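Here's a quick briefing to read alongside the model.

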Amino acid sequence: MGTIDGLPPLREVIRAHDLVAKKQLGQNFLLDLNLTAKIARMAGDLSACDVLEVGPGPGGLTRGLLAEGARRVLVVEKDPRCVPALEEIAAAHPGRVEIVLGDALDLDLTGRLTGPIRIVANLPYNVGTELLIRWLSPKVWPPFWTSLTLMFQKEVAERIVAKPKGEHYGRLALLSQWRTDAKIVMHLPPEAFTPAPKVHSAVVHLTRLEVPRFDAEAGVLSRVTAMAFNQRRKMLRSSLKGLGGDVEALLTDVGIAPTARAEEIGLEGFCALARAVARRDQERAAAPA
Ligand code: SAM
């Protein structure tokens, strides 16, 4: 049977290189190249982009990205057993694939990429969430990437796109929606992967905003939302006590009822609160002792 790129089917690649999936590396592979090409399409027009792919494994998604016309794909893989399979892909696409063996959590590869840069990954869920938070939290905005297309456990995907009052709404929704447009673009059942995980998955596409949706200092917004959601069932006048001073006045000044709970407040409200906290802290610092 033909494949999207003339290379052998992934089952053969896995057999040839003895790539038995390792649970401790979160290895659940996508073996259907039509599906990986479809995920690659969700990342947008790749023809003028460098793609950073984290956790390529045997290379199913890498092959999808190349078939969809990515200018260049830089892959970072932690498992050395995958390198020979990735080298075969690189040989079939001269000059378009660079392989880095290492842990994506320890590496800064921005110097090896030329913009515009899109990031695509099907990663173990804990690594994916940690990287998402890092990619959304650089000191300077806009970041080095223009979009993120990432596979998550369905429940994590729902937390990223959640709106106020829903059970999934929290810090991840606020951080994601403050600086990006975030959408779930595909749902995948466990059987799409080999071996099949216990959970359903979803692909989330996040497109960066050139400026965050509402003005706020990242550090202050993070502090306020952490405090508010750490005790999400409590009223804000109580969960935000740690801000010090007259918390009720701070909330009332920005139009938030002190009796409201974190999950009722939208992004605009949290940004207004973060600005008020930053203003108050500056005034305190400037006041004579
Ligand atoms: N992208 C491939 C696919 O769709 O079939 C593989 C997906 S599998 C869920 C996750 C891959 O990420 C594995 O190949 C694993 O070895 C790799 N991986 C796990 N942790 C990693 C890390 N910290 N840095 C780089 N790669 C990692």
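Helix 5 passes helix 7 in a left-handed crossing, while helix 8 and helix 11 cross in a right-handed way. Bear in mind that this is a predicted model.

**Helix 5 against helix 7**
- Helix 5 covers residues 125-136 and helix 7 covers residues 171-179; their axes come within 10 Å and cross at roughly 40 degrees.
- That angle makes the pair oblique.
- On the helix 5 side, the contact uses Thr129, Leu132, Ile133 and Leu136, and they meet Leu172, Leu175, Ser176 and Arg179 of helix 7.
- Sorted by class, that contact has five nonpolar, two polar and one charged residues.

**Helix 8 against helix 11**
- Here the axes of helix 8 (residues 218-230) and helix 11 (residues 267-286) are 9 Å apart, at an angle of about 115 degrees.
- Helix 8 brings Val220, Leu221, Arg223, Val224, Thr225, Ala228 and Phe229 to the contact, where they meet Phe270, Cys271, Leu273, Ala274, Val277, Ala278 and Asp281 of helix 11.
- By class, this contact comes out at 11 nonpolar, one polar and two charged residues.

- To find Pro142, look in the loop between helix 5 and strand 6 (147-153).

**Positive phi without glycine**
- Asp18 isn't a glycine, yet its phi is positive at about 55 degrees.
- You'll find Asp18 in the loop between helix 1 (10-16) and strand 1 (29-30), and Asp18 counts as exposed because its relative accessibility is 54%, over the 50% cut-off.
- Lys165 isn't a glycine either, and its phi is about 80 degrees.
- Lys165 belongs to the loop between helix 6 (154-161) and helix 7, and its relative accessible area of 66% makes Lys165 exposed.

**Cysteines**
- Cys49 is buried, since its relative accessible area is 5%, under the 20% cut-off.
- Cys82 is buried too, at 0% relative accessibility.

Technical notes
Residues are numbered from 1 along each chain as its sequence is written. This is a predicted model: local features need pLDDT of at least 70, side-chain atom pairs count only at pLDDT 80 or more; totals for chains, interfaces and linings use all residues. Side-chain values use heavy atoms; hydrogens and water are left out. Buried means under 20% relative accessible area, exposed over 50%, partly exposed in between (1.4 Å probe, protein chains only). Axes are lines fitted to C-alpha atoms, for helices over the stretch in contact, and angles run from 0 to 180 degrees between N-to-C directions. Helices (H or I, at least four residues) and strands (E, at least two) are DSSP runs, numbered from the N terminus. Angles under 35 degrees count as roughly parallel, over 145 as roughly antiparallel, 65 to 115 as roughly perpendicular and the rest as oblique. A crossing is left-handed if the near helix is turned anticlockwise from the far one by less than a right angle, and right-handed if clockwise. Contact means heavy atoms within 4.5 Å. Ala, Val, Leu, Ile, Met, Phe, Trp, Tyr, Cys and Pro count as nonpolar, Asp, Glu, Lys and Arg as charged, and the others, Gly among them, as polar.
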